[in-house]
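Below is a short briefing on a chain-to-chain interface and on one of the partners. Please read it alongside the coordinates.

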Amino acid sequence: MSESPRAKRIHAVKFALLVSVVCCLLITGASTGLSPLQQANKRLDRQKNILKAAGIITPDGTPSRIQIQALFQEKIETVAVDDAGNFMDPSQGQGLSLYLYREKKILKAYVIPIESRGLWGKIKGYIAFERDGKTVAGFTVYSHSETPGLGGEIEKAWFQKNFIGKKIYNAQNEFVSVSIAKGGIAALPETEQAHSVDGISGATLTGRYLTQGLKENLKQYESVSVKLRQAYQKKTVGNDMTTPPIKETN
Amino acid sequence: MSNGNLTLKETFFRGIWKENPVAYQVLGICSALAVTVQMKTAIVMGIALTLVTGASNLIISLLRKQIPPTIRIIVELTVIASLVIVIDQVLQAFLYDISKQLSVFVGLIITNCIVLGRAEAFALANPPLPSLLDGLGNGLGYSLVLVAVAVVRELLGSGKLMGIAVVPQVWLEAGYAHMGLMTLAPGAFFIIGLLVWLKNSLPGASHEQK
């Protein structure tokens, strides 16, 4: 070719610009065009994780889209609470959101959304408590950027199932949250074991951040847990919590 | 590089068997280790990579006379990266659960040597149709190895195929245990190693005898 170096350079720049523009359009088109479907998938995935945390579906269950929506509709109520732990009208602005799991109008568990710092990005999930307000009923993660095989194990059932049955209060009724141990919990003193879960080897930092995040999130919801605990202790015999127990203590 | 003597059929099948990207060219091993615990993810990954290699080879080949040699690689990468992002978006929209399981590995197709390797070695020097077939053939060759490895790993590691339990409950009760190693990356190393050995020891399949 007898093109001058200058013409070649101009051609290269023109070509680069053209490729960039075409590729930009392609990506933008795909991402905006598919966005509604993706949002719907994400919403469904969150609902599935709420159901999983509450123990309504098993960790390895693969319910269909319709089953998830039906179960969520039937058993889960989305509510908001203010800083004092009282239920509030949705019209009064944004409070802390919370999901109540009721079986035949009896409160079985409540689910708190978790948003924690991780090693590489945010970890988002749910933690469910039994209606005594201190026993963990389940824990799930639906979004994270941790390394697959290391910190990424937080999304696996073997890690999550260890949370079940842990207490966030110690024997003195003080709030202690749940911690991810460094290594197995067998090495910990017995008093700690009820508030700790086995860590993931090779993912000490992920564990540390998640421990911190859980503590911060649960602290925010302390007022609700306290109210639920009081309500639960008051009526340990009667299980007929037809209304949110918080209203009864008011 | 001249491929003038190859028929279209040969171009297509060469990537699947004789010059299989994983078993012969030893490319794309990283993702072959990562996504072969289950058949489902292996199949989706295989389809995604086949689509990307096919489409990128076709596009690069169409542009091959216009691409300025000085910015050749970056243009190829831009095309491949755009295709991968589009595929990732499509997976998120239609196969959300699988897209979550594949996590970073779809995005990492961009760095899969098979895609850039085929674009560089074949598409730049050949017309669109052979390039498309070469891309698809290599993608299918990769998928074939992925699925073969996944079958062994899922069967031995968790006693399932496509997520359906195939090991009878009676065996488990009689003391049969799943092979935990197969669910971990080292298991895939062994299987891929054995596969490469097996393929190269078959008559007519070894490149060493040429």
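About 1,800 Å² is buried between chain B and chain A, with carbon and sulfur atoms giving 71%; buried area is the accessible area (1.4 Å probe) that two parts lose on being put together, summed over both. B:Q89, B:Y96 and B:K100 supply 27% of the area that chain B buries against chain A, more than any other three residues. This is a predicted model: local features need pLDDT of at least 70, side-chain atom pairs count only at pLDDT 80 or more, and totals for chains, interfaces and linings use all residues. Residues are numbered from 1 along each chain as its sequence is written, chains are lettered from A in the order in which they are written, and side-chain values use heavy atoms, leaving out hydrogens and water.

**Interface**
- Contact (heavy atoms within 4.5 Å) links 23 residues of chain B with 20 residues of chain A.
- Two salt bridges are counted between chain B and chain A, each a side-chain nitrogen of Lys or Arg within 4 Å of a carboxyl oxygen of Asp or Glu.
- One of them joins the side chains of B:D97 and A:K48 at 3.6 Å, N to O.

**Chain B**
- Chain B has 10 helices and two strands, where helices (H or I, at least four residues) and strands (E, at least two) are DSSP runs, numbered from the N terminus.
- Of its 210 residues, 43% count as buried, meaning under 20% relative accessible area (1.4 Å probe, protein chains only).
- The C-alpha trace of chain B spans about 65 × 45 × 25 Å along its principal axes.

Methods:
Buried means under 20% relative accessible area, exposed over 50%, partly exposed in between (1.4 Å probe, protein chains only).
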